[in-house]
Amino acid sequence: MGAAASGQSSVGEPGTARIAVDLLGGDHAPAVVVDGALRACQADPALHLLLVGPLEAAGEVLGALPPDDRARISTLPIAPGDRVESWVESGVRSAVLAVAQGAADAVLSAGNTGATVTSAALGLGRCPGVRRPPLAAVLPTTAGRLVLLDVGSSIDPDEETVVTHARLGSAYASVVHGVAEPRVGLLTIGTERGKGDRLRRALPALLARADLPSGGRYVGLVEGSDVVTGTVADVVVTDGFTGNVLLKGLETAYAELGPPHRENPPRAALLLGVEGTVVVCHGAASGPDLAAGIAFAAQLHRQAAVAVMAEMIETQRGVP
């Protein structure tokens, strides 16, 4: 059934990426996750997968691969518990633990967002200064692409949390997208001064004074239309409730009508502010969506993106 994962640290060959895949995460798991894992493995010969979940589901992946490729698959069995919820949530906890112990380089899950965020924060640790790690998604725009955060982790953040998210988003745009001096905007219902709820009215002054990594700068209030065009900001910050509603609405529209730009980023979000690479897909993700999420996690690992972002933010905060 493939090599069993151990709790001992190991290091992959240069260029390889070892992704722990939560087989139990998602509305249609494990079948759709098996499909995504197969697609990802077939597309990237340097990809290694640690399949976390039922042995029979992992066996479907191994059985569909040529014998020479099966060595790239390891398994970490998860047995059914007394409650389905406990069984399902144990998958993402085990996947995160595999990264913490050095048996994998990144985690991919389409499971419960709260369980994933909590498991990552406890199992990997939060970066200094981060209280509530945000989920950052990339949206296609008419101008290219835009980082939107938070999209579901911090539903009711305070001002300090949103400012921290702006720093994380600026670092993300710089490291992953190569944006020099990222433009950071605050999502609200109008660009006139004083628009929005209490949180939006309090944030502009704080964001204007914030030191953002890589020369990032606050460019003011933005509306939903600005998210579609991408001409005003490279990064847009908001609370997780509004961000999740906007993300799902736009992704559904783009799936029906086509994206506004020929480039279509993976439908996956990166959990920022934790000491490891954790990629989250929608619960309703398809096999191709999950394959793209796995590929995205591998790309981030090969870029050492999380470590570079953490160093950039620490330098900006004046920490040696």
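A crossing of two helices is left-handed if the near helix is turned anticlockwise from the far one by less than a right angle, and right-handed if clockwise. Helices (H or I, at least four residues) and strands (E, at least two) are DSSP runs, numbered from the N terminus. By that rule, H1 passes H2 in a right-handed crossing.

This is a predicted model: local features need pLDDT of at least 70, side-chain atom pairs count only at pLDDT 80 or more, and totals for chains, interfaces and linings use all residues. Residues are numbered from 1 along each chain as its sequence is written, and side-chain values use heavy atoms, with hydrogens and water left out.

Stay with the helix pair. H1 spans residues 31–43 and H2 spans residues 55–64. Their axes come within 10 Å and cross at roughly 35 degrees. Axes are lines fitted to C-alpha atoms, for helices over the stretch in contact, and angles run from 0 to 180 degrees between N-to-C directions. Contact means heavy atoms within 4.5 Å. From H1 come Val 34, Ala 37, Leu 38 and Gln 42; they meet Ala 57, Glu 60, Val 61 and Ala 64 of H2. These residues divide into six nonpolar, one polar and one charged. Here Ala, Val, Leu, Ile, Met, Phe, Trp, Tyr, Cys and Pro count as nonpolar, Asp, Glu, Lys and Arg as charged, and the others, Gly among them, as polar.

Now the backbone. Most residues other than glycine have a negative phi, and most peptide bonds are trans. The bond from Ala 29 to Pro 30 is cis, with omega near 0 degrees. Pro 30 sits in the loop between strand S2 (17–22) and H1. The bond from Leu 149 to Asp 150 is also cis, with omega near 5 degrees. Asp 150 belongs to the loop between strand S7 (144–149) and helix H5 (159–177). Glu 181 has a positive phi of about 50 degrees. Its loop runs between H5 and strand S8 (183–187).

Next, the domains. The assignment, automatic or from a database, gives domain 1 (1–130 + 273–303) and domain 2 (132–265). Their centres, taken over C-alpha atoms, are separated by 28 Å. 13 residues of domain 1 are in contact with twelve residues of domain 2. Together the domains bury about 930 Å², 69% of it on carbon and sulfur atoms. Buried area is the accessible area (1.4 Å probe) that two parts lose on being put together, summed over both. Val 117, Val 130 and His 282 supply 43% of the area that domain 1 buries against domain 2, more than any other three residues.
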